[in-house]
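Student: Hi! I'm new to this one, could you walk me through it?

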Amino acid sequence: NVVLFLADDLGWGELGVQGGEDIPTPNIDSLARDGVRCTDGYVTAPLCAPTRAGLLTGRYGQRFGFEHNPGPPAVAAPDFGLPEDQSTLAERLREAGYATGMFGKWHLGYREEARPTRRGFEEFVGFLAGAHAYLPRSTSAVPLLRGTEAFEPAEYLTDLFAREAADFIGRHRARPFFLYLPFNAVHAPLQAPEARLERFASLADPRRQTFAAMLAAMDDAVGRVLAKLREEGLEERTLVFFLSDNGGPTRRTTSSNGPLRGAKGQVYEGGIRVPYLVRWKGTVPAGGVFRRPVSSLDVAATALAAAGLAPKGGPPLDGVDLLPFLTREGAGDPHPALFWRMGPQSAARVGDWKLVVRGGGEAQLFDLASDIGEKADLAARDPERLAELRRAYDAWNAENVPARWPPARAPGRVSEPQGLDRVLEGRDEGELPATGLHEARVRRDEGGF
């Protein structure tokens, strides 16, 4: 079996096992205790939708034009969604006889043919856009769906997804299954039930208190699913992943990226390095720490290898099977190089060296082995190394295609991610009129910026 937990906007430094101190996360931390924590785990983009495209296909989204967030349904490009010629992990596993279920946030297409039930998932409870209200009877512009039918939730959304996921395990315990649980926690809007807020009454900042309650709810949800696997005797037959879709938007939600520079929407480490945990009891050594770069691209490749499925025809995967590395059988790096492109931003990691090109074209060079916080720009000191990373990036980028749709735009004169983040973080609210700012906040929270 394969279980894939995906947090939303969870910063690299929040979990207890990642050094977080004020929000207990015992259930998520148990995955590291019973499996392997990857210190240098990356996603393929610093935003929600492009990361999910890479995660479920095992291919860089830039290979097929999936580079930007779409914005809410009303403004999204008509062709937004995963191209039909890109196979998903769910489709591959379903073809092999797996039960497939998804409970949570999709953000990979609004059109009927691009929805989860048409992309490999037999069961789906969740929503299609970038975010959703959490509390029952909350006003939401985004419908919650069971399959293709809308319904009104009667419980806190994180709890609902956990209950559905545990039920899915119980109903399919006798056959192999793929369970995809992409939480919308801890993405805005910040909402939590009073009972959970009371657990963090000692936190002075009300935003931090609500964020803590939301993260605790997600930890409880992970615990509920893990308990169901244990109850059904499936722990040694189940490969479990936990990661986030991008770094935390710290100013927006308080989500901490620890010592890393930058945040969601940026190709600095704080936008693309995420918590990354892998557990397979009896196969992956318990308590391991893997310190070389791994990618969300590797989830599909590793799951397919664990399922005994050989690569089929079609475009090759960019991810690799991590099991030989995590079981200490492999040597070297799973990825000698990793790359990122999002509009005018780009980055490359080759070994421990990192190239960052910002929106204005300025190139920076960092040695991550000694400078995890990307504080010392070594571009002027080591131009040969800089040129080497530029050549590596150019060779990778030559195999990509242009973005199929432009960056999502908010009302007014700003676009994602930097401009909208700047406005919504309260630094440049003068760029929008009051009505535009309010609409931008709504679009940010429920449209998925």
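**A first look**

Tutor: Happy to! Let's start with F5, which touches L31, L181, F183, V222, V225, L226, V240, F241, F242 and L243, leaving out residues up to four places away in sequence; contact means heavy atoms within 4.5 Å.

Student: What kind of model is this, and how are residues numbered?

Tutor: It is a predicted model, where local features need pLDDT of at least 70, side-chain atom pairs count only at pLDDT 80 or more, and totals for chains, interfaces and linings use all residues. Residues are numbered from 1 along each chain as its sequence is written, and side-chain values use heavy atoms, with hydrogens and water left out.

Student: Which residues touch the most other members of the largest nonpolar core?

Tutor: F5, F178 and F242 do, in a core of 100 residues. A nonpolar core is a set of buried Ala, Val, Leu, Ile, Met, Phe, Trp, Tyr and Cys residues joined through side-chain atoms within 4.5 Å. Buried means under 20% relative accessible area, with exposed over 50% and partly exposed in between (1.4 Å probe, protein chains only). The largest share of this core, 13 residues, comes from α6. Apart from it lies another core of 25 residues, among them L297, F366, A379 and W396.

Student: Back to F5: what does it stand opposite in β8, and what in β9?

Tutor: F5 stands opposite L181 in β8 and opposite F242 in β9. Strand β1 (residues 2-7) runs parallel to β8 (residues 177-182), joined by 5 bridges, and 6 bridges join β1 to β9, also parallel. Strands (E, at least two residues) and helices (H or I, at least four) are DSSP runs numbered from the N terminus, and two strands pair if DSSP finds at least two bridges between them.

Student: Is β1 mostly covered or open?

Tutor: Mostly covered: 6 of its 6 residues are buried. V2, L4 and L6 lie on one side of β1, and V3, F5 and A7 on the other.

Student: What is the strand order in the sheet?

Tutor: The open sheet has 10 strands in the order β7-β6-β5-β4-β8-β1-β9-β10-β2-β11, with mixed pairing. At the edges stand β7 (149-151) and β11 (288-290), each with a single partner strand, so one side of each has no neighbour in the sheet.

Student: Which strands does α6 lie across?

Tutor: Helix α6 (residues 206-231) lies across β1, β8, β9 and β10, at about 175 degrees to β1. Axes are lines fitted to C-alpha atoms, for helices over the stretch in contact, and angles run from 0 to 180 degrees between N-to-C directions.

Student: How do α4 and α6 cross?

Tutor: The axes of α4 (residues 157-171) and α6 come within 9 Å and cross at roughly 10 degrees. That makes α4 roughly parallel to α6, a term for angles under 35 degrees. Among the residues making the contact are A162 and I169 of α4 and A221 and V225 of α6.

Student: New topic: what about the sheet of 4 strands?

Tutor: That open sheet is antiparallel, in the order β13-β14-β15-β16. Its edge strands, β13 (337-342) and β16 (363-367), each pair on one side only. Helix α11 (residues 383-397) packs on this sheet, touching β13, β14 (345-350), β15 and β16.

Technical notes. Parallel < 35°, antiparallel > 145°, perpendicular 65-115°, else oblique.
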